[in-house]
Amino acid sequence: MARFRYPALVLLGLAALILAPRGEGNYIIFIFTSWLTYSIAAMGLNLTLGYSGQISLAQASFMGIGAYITALLTLAGLPWIVGMLAAVAATFVVGLALGFPALRVKGHFLAFVTLAFNTLFFLVARNEDWLTGGNYGLSGMPRPNLIFASTMKNLPFYYFTLGVFVVAAALMWWIVHSPWGRAFKGLRENPVRAESLGVDTTRLTLLAFAIGSAYGGLAGALVSPLVQYIDPGSFALGISLKILLMVVVGGAGYFYGPMLGAAIVILLPEVLRFTEGYYLMIYATAVIVLMVFSPRGLMGLGERLWHRLTRPARQVRADMAGGAQL
Amino acid sequence: MAQFLQVLLSGLSTGSIYALAAIGFTLVWQAAQTVNFAQGEFVMLPAFFVLIGVHWLGMPLWLALIFGLILSMIVLGLLFKVLIVEPMLPNGGLPLIIATMALSILLKEGTKQFYGAEAQPYPGLFPQATMTLGGAVISVQDVMNLLVSLAIVVGLTLFLNRTRTGRCMQATAQSPAVAEILGVNTRRMVLYAFLINAALAALASFLISPIYLAKFSNGENLGLIAFIAAIIGGFNQIRGAIAGGLLIGVLDNLTATYITAEYRAAIPLILLIAVILWKPEGLLGTSEGRNV
Amino acid sequence: MSRPVLSVRNITKSFGGIKAVQGVSFDVAPGEVLGLIGPNGSGKSTLFNCVLGQYRPDSGEVLVNGRKVGGQRACDLNKMGVGRTFQQLSVFPGMSVLDNILLAGQEHKGSMLSRLFGPRDAGLTGEAEKMIEFFRLGHLRDTLAGALSYGQQKLVDAAMAFMAGPTLVLLDEPAGGVNLTMLGALKDRLIAYNRDHGTSFVVIEHNMEFVMSLCTRIIVLAEGRIIAEGAPEEVRSNQMVIDAYLGG
């Protein structure tokens, strides 16, 4: 029975995702769609940070690169799929390039390099108006036209996004459960030992960035038709921090962590709407408290509670224990 | 030439204020391996403490400044250490980075909620006069800011090198284990580092707020500049932070005046990436004490 | 005699003005267990790092299975058939024992791309379980490595070094910090592995008892030179060795 339990739960979750927007208003459907989109970006960062232990504060810029590429290509009349493929390819390559600093520096130095990259991207997007529309951004991107249905309405676009999300999640599941996933974790846990066991940590570090960034690009390719308006501010450093929060609050290094984290970061403002301006303060305080009591995020907290009920305590993960230099 | 002098001096002046924030950043890093992502907000907030003192408590400016300084040391020094850094140390670096990011949001939003989103006029410490020197028009405020910051830096350096407490702090920063064996109360030294950081941030706040006005979002840029100054100068020492701060201040002004206003913000970032990649120990740094 | 697994030829390495290793040469035959001992600062670690390609010697060369070592990355050296353990604990604490062992073997299976599309365990589960059993860790197969005792982690570390079937394994102070019971188990397993697979070992160790009973031949270094060489009992009674250790 136990081996059917997990697939059954996944199917149940999928069914919930299919049924969730039924009968909901446009706004709620929009919120759900952006949750799926940000989940994809956060999933990518989770590979880079959670599984491979390489901090990046540039995920929003990859969303931005993906969004601008998709916007420009679809505005030029090309189909969405072409824009998406171009966005994923471009962010893969740029991510690969951003991985090179990670070969030289770790921890907070890497955080600053990626942070600087994100801000540079913002400046370029703002200043090169001939390409990006500057502060006014780009608007009016068409939504993809599928053979069987248009996605101009919000509900079909939600299902379209859900489809992309499921494929992206399945691919990520495959990667992290393959020998690559084990090697990525080795890179996180003990890079020197991994290297001595034949793990090509150079190639792996670059791949961790490239794949993570490509997921950012994919999310950007969805943001473009979802919002149908993009400007540099949508991909500023603050958004990168938001994606980082999603990963860490949900639980870095857990497959479902980024989805949970994205749900909280995106949906919580709606729930806490009654608190008006105090929402961000409540949120920030909650994050600080969470980091004190459960540095492995909500998934880690849940796991700990579960194990307290079933099994004795587990050991702290290496990147968390030895990370004082970060 | 006259214009160049003006640009240079005003660059040095803001640069020296950046240096104060960068030094604090370095001290906390040395003492507790804490990268404080809320450092910018630490510079933003004390100005509001002073405004509270002046407008709500009716204090004269000099008293409000002292009030602001002490309140900063309690909130941004003591409470920051006790409530956030200490409980998180056993959890390692990443959670602490996240927590200081959340703290920066908390301070920013809190200020916005309690004091308003508009920029608040802030009382200047020095007359708004100008003087001419060799054909260059120089603002008294710039000169005074530079002199005051330099005086603070000199005072701090003397404290660290000439007093027993200062030397104990340095020993703690270099090797806590050895300092402990030598009988240094390392916990207290770490606390001093946090208090000094808060005081430096407060002083930087008092000096820079008359220029930028007091606004809840001031910290965004200031924090980034403080990191960059600390890193390009040399993350593990004070003179590096000073050099980094001055360099960025001057470079920023020169770029804006002579090259490009649009990309002026890019120059420190590119400098940062270049330094981290090619000389990660910083321009003046030594390789020891760096964790790669 | 067949070709030596490791051949160290006239290695010299200095730091600043200090000569850490001066003209050291030795060979390691297939199946041999060589101990490198010497007082602190005798150049053991420098020599070790030259063999691992971490340091480039000022002169002389190191050959592994006839191929020159130097300048390779650690992962490439490992693929030349050199395994190693570390002085400090060196496992992957957040992964299960089985995953630790699988990771130690998987990079030697197929290409990177074929591993992505191949089976999750790279087809190594059976082999890994055998290795875990061999080191008597079977009951801990699914435990996180970080939750094991110090001695158990040392066993995992050693098991990982053997997983890819190396011809030469460098053991860096394997006995350090291990309690007596575990030490016996570790020595027993190392000897058994050497007997079963004919893998050569080079051991750096401070624990004389351990070295003398594990190794078939011992080289004594002092001030960067070899001062004695031979079977354990010969070295034990050598006056020069006793002097070197007692600071004579």
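A residue is called buried here when its relative accessible area is under 20%, exposed when that area is over 50%, and partly exposed in between, using a 1.4 Å probe and protein chains only. Helices (H or I, at least four residues) and strands (E, at least two) are DSSP runs, numbered from the N terminus.

This is a predicted model, in which local features need pLDDT of at least 70 and side-chain atom pairs count only at pLDDT 80 or more, while totals for chains, interfaces and linings use all residues. Residues are numbered from 1 along each chain as its sequence is written, chains are lettered from A and ligands numbered from 1 in the order in which they are written, and side-chain values use heavy atoms, with hydrogens and water left out.

**First stop: a strand in chain C**

Select residues 200-204 of chain C, which form strand β8; five of the five residues are buried, so the strand is largely enclosed by the rest of the structure. C:Ser200, C:Val202 and C:Ile204 point one way from β8(C), whereas C:Phe201 and C:Val203 point the other way, and all are buried.

Strand β3 (residues 33-37) of chain C runs parallel to β8(C) and is joined to it by four bridges, one of which you can look for at C:Leu34, whose bridge partner in β8(C) is C:Val202. Strand β7 (residues 168-172) of chain C also pairs with β8(C) in the parallel sense, over five bridges, and here C:Leu171 has C:Val203 as its bridge partner.

**Second stop: where chain C meets chain A**

Show chains C and A together, taking contact to mean heavy atoms within 4.5 Å; 37 residues from chain C and 30 residues from chain A take part. The two chains bury about 2900 Å² between them, 60% of it on carbon and sulfur atoms, where buried area is the accessible area (1.4 Å probe) that two parts lose on being put together, summed over both. Select C:Met112, C:Leu116 and C:Arg120, which supply 24% of the area that chain C buries against chain A, more than any other three residues.

Between chain C and chain A there are three salt bridges, each a side-chain nitrogen of Lys or Arg within 4 Å of a carboxyl oxygen of Asp or Glu. To see a salt bridge, select C:Arg73 and A:Asp200, whose side chains meet at 2.8 Å, N to O.

Turn next to chains A and B, which have the most contacts among the two pairs of chains that touch; 42 residues of chain A are in contact with 44 residues of chain B. The area buried between chain A and chain B is about 4100 Å², of which carbon and sulfur atoms give 79%, and across this interface the rule finds zero salt bridges. On the side of chain A that touches chain B, α5(A) gives the most, with 14 residues.

If you then display chains B and C, you will find that no contact joins them, and that their closest C-alpha atoms lie 15 Å apart.

**Last stop: two backbone angles**

Most residues other than glycine have a negative phi. Select A:Gln228, which is not a glycine and has a positive phi near 55°; A:Gln228 lies in the loop between α10 (201-227) and β2 (229-230) of chain A. Then select C:Asn10, also not a glycine, with a positive phi of about 55°, which is found in strand β1 (residues 6-15) of chain C. C:Asn10 counts as partly exposed, at 47% relative accessibility.

How values were computed: Pairing = 2+ DSSP bridges.
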